[in-house]
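Look through the structure below before reading on. The paragraphs after it go from one part of the chain to another.

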Amino acid sequence: MKKQRIQSLDILRAVALVLICVYHWFSYKGTYIGVVIFFALSGYLVTSGLLSRDFSIFSVISRRLKKIYPSLLIVILASTIALYFVNNGLEMKYKYSALFSVLGLNNIYQIFSKMSYFDNFGIILPLTHIWALSFLIQMYVFFPVLVQGLKKLKLKDYTMGSIFLAISVISGLVMAYIFYATSKSSEGADFSRIYYGTDTRAFSFFCAAGLACFYSRREIKSNVEKKIVYVLGILGIVSIIVFSFGIDYRNALNYYGLMFLVSILFSFSIVLFSKPELKKFDISKYNKILDPVIRLGQHQYQYYLWQ
């Protein structure tokens, strides 16, 4: 049975896409935070799906990759043909970038090649933005294995959620440590290592995965708990707005916990937008106004690839 889409989450996807496009086109302040929205939404929805049923690891991974690779390969092919004719050949950096994009390791390649997301986007390599997709491919392969292992231990959802949140904290600490260690060097902070690292960016995915364990399979009945989720969810939206307009990537607070805090708060926003018992208004009443936004969110993957 096909799971019904949650339109409110499609709106969040659209917001994420717009923020990322604004950063890629204009490098405007903190709009790169849109990637956190993508990672958090993926963490929550993937976890919810895996918890709700028994699954085959191979089938889950295969289904995910079949959704990703056709569009990805077309983009890589189109980029390769265009660059070949524009530059009268292909630079070695691009060849490696394309290869590692296919392998789902683009982010790792960019760390070793020192391609800064903030300084070089759209200038040297047209596939720079594929780093985020590579991160998600790694999660889509690794995470089902982790969940299956925890299920075999017969752990309760709450325990699994606590483990995922612990992983997110470790990831946030790794980001802070690497920023601290590299910022003391003569070359300054290694933003490529900090921004592209699977270990340093995993917290956004695992924060939302942890909350999915707590909330996706149960109804929130306590009025106090509803108020807490509601307040934290609204703060999550506010934090995205404040971050987008006020936090430059060079701000040290970004890597000393601020991005982690935004991830936690926005994960509560996902809970707020996805749980029927928390909804304060009916989106269907505003279909004519919101339909373009919802459609944008539904097709955000293709738009992200081709931007």
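Is Arg295 buried, partly exposed or exposed? Arg295 is partly exposed, because its relative accessibility is 48%.

Some notes on the source come next. This is a predicted model, in which local features need pLDDT of at least 70 and side-chain atom pairs count only at pLDDT 80 or more, while totals for chains, interfaces and linings use all residues. Residues are numbered from 1 along each chain as its sequence is written, and side-chain values use heavy atoms, with hydrogens and water left out.

The pLDDT is the predictor's confidence in each residue, on a scale from 0 to 100. For this protein the mean pLDDT is 91, and 94% of the residues reach 70 or more. Confidence is highest in helix α10 (residues 198–215), at a mean of 97, and lowest in helix α6 (residues 117–120), at 62. Helices here are DSSP runs (H or I, at least four residues), and they are numbered from the N terminus.

Side chains of opposite charge can pair when their charged atoms come close. A salt bridge is counted when a side-chain nitrogen of Lys or Arg is within 4 Å of a carboxyl oxygen of Asp or Glu. A search of the whole structure finds seven of these. In one of them Arg295 pairs with Asp291, with 2.9 Å between the closest N and O atoms. The two residues are separated by about one helical turn because they are four residues apart in helix α13 (residues 287–298). Asp291 has 32% relative accessibility and therefore counts as partly exposed.

Another salt bridge joins the side chains of Asp199 and Arg193, at 2.6 Å from N to O. Asp199 is partly exposed at 33% relative accessibility, and Arg193 is partly exposed at 23%. A further bridge links Glu277 to Lys275, at 3.8 Å from N to O. Here Glu277 is partly exposed, at 21%, whereas Lys275 is buried, at 8%.

What does Gln138 touch, apart from its neighbours within four places in sequence? Gln138 is in contact with Gly104, Leu105, Asn107, Ile108 and Thr198, where contact means heavy atoms within 4.5 Å. Gln138 belongs to helix α7 (residues 130–152) and is buried, because its relative accessibility is 16%. Its side chain makes a polar contact of 2.8 Å with the side chain of Asn107. A polar contact is a pair of N or O atoms within 3.5 Å; within protein, one must be able to donate a hydrogen and the other to accept it, and residues adjacent in sequence count only if both atoms are side-chain atoms. A polar atom of the Gln138 side chain also lies 2.9 Å from the backbone oxygen of Gly104.

Ser267 sits in helix α12 (residues 258–274), and its relative accessibility is 0%, so Ser267 is buried. Beyond residues up to four places away in sequence, Ser267 touches Ala40, Cys207, Ala208 and Leu211. A polar atom of the Ser267 side chain is 3.3 Å from the backbone nitrogen of Ala208. Ser42, in helix α2 (residues 34–51), is buried too, at 12% relative accessibility. Leaving aside neighbours within four places, Ser42 is in contact with Leu136, Tyr140 and Phe205.

Two loop residues have a backbone angle worth checking. Most residues other than glycine have a negative phi. Ser27, in the loop between α1 (7–26) and α2, has a positive phi, near 50°. Ser27 is partly exposed, at 46%. Lys154, in the loop between α7 and α8 (157–183), has a positive phi of about 60°. Lys154 is exposed, because its relative accessible area is 74%.

The last stop is on the surface. Arg250, in the loop between α11 and α12, is exposed, with a relative accessible area of 54%. The side chain of Arg250 makes a polar contact of 3.4 Å with that of Tyr249. Val238 is in helix α11 (residues 223–246) and is partly exposed, at 38% relative accessibility.

Definitions and conventions. Buried < 20%, exposed > 50% of the residue type's maximum accessible area, 1.4 Å probe, protein only.
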